[in-house]
Amino acid sequence: MSLKLGEILVREKLITPQQLQEAIEHQRKNGGRLGTSLVRLGFVSEEVIADVLSRQYGVQTINLDLYEIEEDVLRLVPYEVAKKFMVIPVSRKGATLVLAMADPTNVFALDDIKFMTGLNIEPVIAMEASINKAIERYYVSKEIQRIEEFELEKFDFKPTEALDVSPRGNGAKESGISEEELGVSVDILRFEGQEKESLEFVSDENEEIDVTKLMEESEDSSIVKLANVLIVDAVRRGASDIHIEPYEKDLRIRFRIDGVLHDIMHPPLKVRDALVSRLKIMAKLDISEKRLPQDGRIKIRMKIDNRSRELDLRVSTLPTLFGEKVVMRLLDKSKLMLDMTKLGFEPQSLEIFKRNIQKPYGMVLVTGPTGSGKTNTLYSALQALNTPETNIMTAEDPVEFNLPGINQVQIKEQIGLTFASALRAFLRQDPNIILVGEIRDFETAEIAIKAALTGHLVLSTLHTNDAPSTISRLVNMGIEPYLVATSINVIQAQRLVRRICTNCKEEAKVTPEVLMSIGFSEEEAHTIKVYHGVGCKVCNGTGYKGRIGLYEVMEMNDELRELVVIGATAMELKRKAIENGMITLRESGLYKIREGITTIEEVVRETVL
């Protein structure tokens with residue numbers, strides 16, 4: 001390649017034969033390619049070299065400065081491979097990867113990358129200096145290169161805020177981390193020494209736990225930094241949960257963002273025990289206990305946009321086959337939406353819900369699966385009812401957010417403080433409004449209903465699929481139908497669906513048949529416009545950003561109460577409630593599709609016809 005390039009440049013009188021000899025000599029001494037030597041010596045510009053190479057090999061030339069390369073494309077070619085072959089992936093078109101190369105004739109690079117990615121390679125030419133600059137920009141500055149020693153994949157951390165983690169006992173060596181320390185590098189996970197090859201039989205049942213060693217490993221600065229980086233990056237990405245999952249030959253870390261789990265990184269397996277111990281120390285848990293589940297809490301203070309913000313993390317550990325799994329729930333009070341008008345209620349449903357929480361007594365039930373926003377809805381209701389004249393008491397497990405002016409009790413079943421015992425105590429505390437975190441058993445349900453019938457407004461949650469089936473659930477618990485009928489004011493079922501990213505929102509092409517199959521009328525199916533997100537940097541390529549609620553609000557009236565007393569089924573209750581004007585979860589979803597707030601896929605995933 002070098003001789004041909006030099007001959008072409010001399011033949012086109014772009015350089016002199018003497019300059020060619022000087023460049024060849026420079027190349028021998030300094031390595032690299034002839035084109036790079038010619039540019040460094042100032043004989044030709046990068047643009048001239050690229051133009052000659054393009055004409056010589058019939059390959060397009062590109063200016064990498066004009067491209068914004070997506071991270072999903074970058075992950076196809078690891079950092080070390082890009083550096084070795086002086087290439088960088090530019091874009092993907094179906095089964096073809098566009099690859100910028102300094103030497104488009106390097107068949108070894110083309111074959112290796114084709115085999116590694118399983119894609120066809122379309123080479124384009126860029127100068128070595130431009131590729132080097134792009135590698136520094138995309139791999140190093142964004143920190144998504146795989147670190148070869150530890151096989152870290154998808155390491156896309158960009159934390160820049162300071163994190164102040166208060167020491168949680170046992171003499172942790174580091175209590176905070178500066179912006180400079182948060183810059184992720186190879187040294188963050190540097191571990192000295194290698195395992196010796198040997199064969200040794202051990203018994204899992206009698207495995208000894210060296211607490212001193214665990215303590216020392218957990219206080220290693222690299223482990224402290226890794227734990228802090230995980231928390232900071234989760235906050236920056238808007239994650240609600242961090243999952244640390246050990247497997248036989250792998251350690252996986254995932255974030256739940258907008259209700260969906262995303263694979264974030266795979267640290268080396270050897271950091272498993274140290275990382276888990278570090279988190280357990282921060283949460284004031286027993287690091288020597290690995291056989292039983294534990295629950296704890298971490299409080300941290302973060303500085304974002306020159307403003308300090310406190311954050312609570314609920315920590316849960318669970319012994320699995322290959323070690324302890326840790327799940328951390330991020331409780332960010334700044335994200336708590338206490339304005340009911342912004343939760344996603346349809347106007348009619350919001351009016352019904354507001355009317356019933358303003359009643360002096362009775363029961364308001366909010367139902368839905370875990371993670372459907374029930375706590376947020378109840379806190380919003382309490383905020384609307386929280387006045388100096390009102391005594392509000394809550395029993396929660398756990399207390400997720402502290403609300404000023406409200407008496408909140410943390411349930412502790414291990415010492416006998418259950419929902420039922422807390423409710424009994426509440427009735428002696430002169431309450432106006434009682435919130436029961438969850439009705440789990442007959443005893444709790446019975447006391448809550450009696451409280452609702454004796455002049456108290458009771459708010460609580462249940463895990464049921466929709467509003468009508470909540471009645472059946474209470475009856476199956478053992479509550480008499482006439483008590484259920486007379487005590488309940490309103491039942492609200494809800495789900496959370498992802499919002500379409502407003503930055504990359506565009507109209508989607510959907511056939512009328514598909515729209516009719518999910519519940520739209522034939523007339524509407526031919527006129528409605530639906531949207532989706534194509535994916536961008538703002539939404540990390542998912543097409544979604546944030547979530548909104550779907551609500552099914554069933555207000556009890558005389559007709560429904562009569563049906564409950566005679567033992568009507570959930571289907572019969574639902575039919576009557578719809579006749580009375582109830583908006584179902586699916587209809588709430590269709591409303592959000594009409595408004596261009598969410599997608600068909602999200603509504604179908606969370607609701608049924």
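Trainee: Is Gly368 buried or exposed?
Mentor: In this predicted model, a residue counts as buried under 20% relative accessible area, as exposed over 50% and as partly exposed in between (1.4 Å probe, protein chains only). The relative accessibility of Gly368 is 0%, so Gly368 counts as buried.

Trainee: Which residues does Gly368 touch, leaving aside those up to four places away in sequence?
Mentor: Gly368 is found in the loop between strand 12 (362–367) and helix 13 (374–385), where helices (H or I, at least four residues) and strands (E, at least two) are DSSP runs numbered from the N terminus. The C-alpha atoms of Gly368 and Gln492 are 8.6 Å apart, although 124 residues separate the two along the chain. Contact means heavy atoms within 4.5 Å, and by that rule Gly368 touches Lys374, Leu462, His463, Thr464, Gln494 and Arg495.

Trainee: Which pLDDT must side-chain atom pairs have before they count?
Mentor: Residues are numbered from 1 along each chain as its sequence is written, and side-chain values use heavy atoms, with hydrogens and water left out. Because this is a predicted model, local features need pLDDT of at least 70, totals for chains, interfaces and linings use all residues, and side-chain atom pairs count only at pLDDT 80 or more.

Trainee: How many salt bridges does a search of the whole structure find?
Mentor: A salt bridge requires a side-chain nitrogen of Lys or Arg within 4 Å of a carboxyl oxygen of Asp or Glu. When the whole structure is searched with this rule, the number of salt bridges found is 28.

Trainee: How many residues apart in sequence are the parts that Arg329 and Asp241 tie together?
Mentor: The side chains of Arg329 and Asp241 meet in a salt bridge, with 2.6 Å from N to O. Arg329 lies in strand 11 (residues 323–331) and Asp241 in strand 6 (residues 239–246), so the separation in sequence of the parts tied together is 88 residues.

Trainee: Is Glu324 buried or exposed?
Mentor: Glu324 forms a salt bridge with Lys290, and their closest N and O atoms are 3.7 Å apart. Glu324 belongs to a network of salt bridges that links Arg272, Asp273, Lys280, Lys290 and Glu324. While Lys290, with a relative accessible area of 23%, is partly exposed, Glu324 has 5% relative accessibility and therefore counts as buried.

Trainee: How many residues apart in sequence are the parts joined by Glu555 and Arg355?
Mentor: Glu555 forms a salt bridge with Arg355, the closest N and O atoms lying 2.8 Å apart. Since Glu555 is in strand 20 (residues 544–555) and Arg355 in helix 12 (residues 347–357), the parts tied together are separated in sequence by 200 residues.

Trainee: How are helix 14 and helix 15 arranged relative to each other?
Mentor: Two packed helices are described by the angle between their axes and the distance between the axes, where axes are lines fitted to C-alpha atoms over the stretch in contact and angles run from 0 to 180 degrees between N-to-C directions. Helix 14 (residues 419–426) and helix 15 (residues 442–453) pack at about 20°, with axes 8 Å apart. Angles under 35 degrees count as roughly parallel, over 145 as roughly antiparallel, 65 to 115 as roughly perpendicular and the rest as oblique. Helix 14 and helix 15 are therefore roughly parallel.
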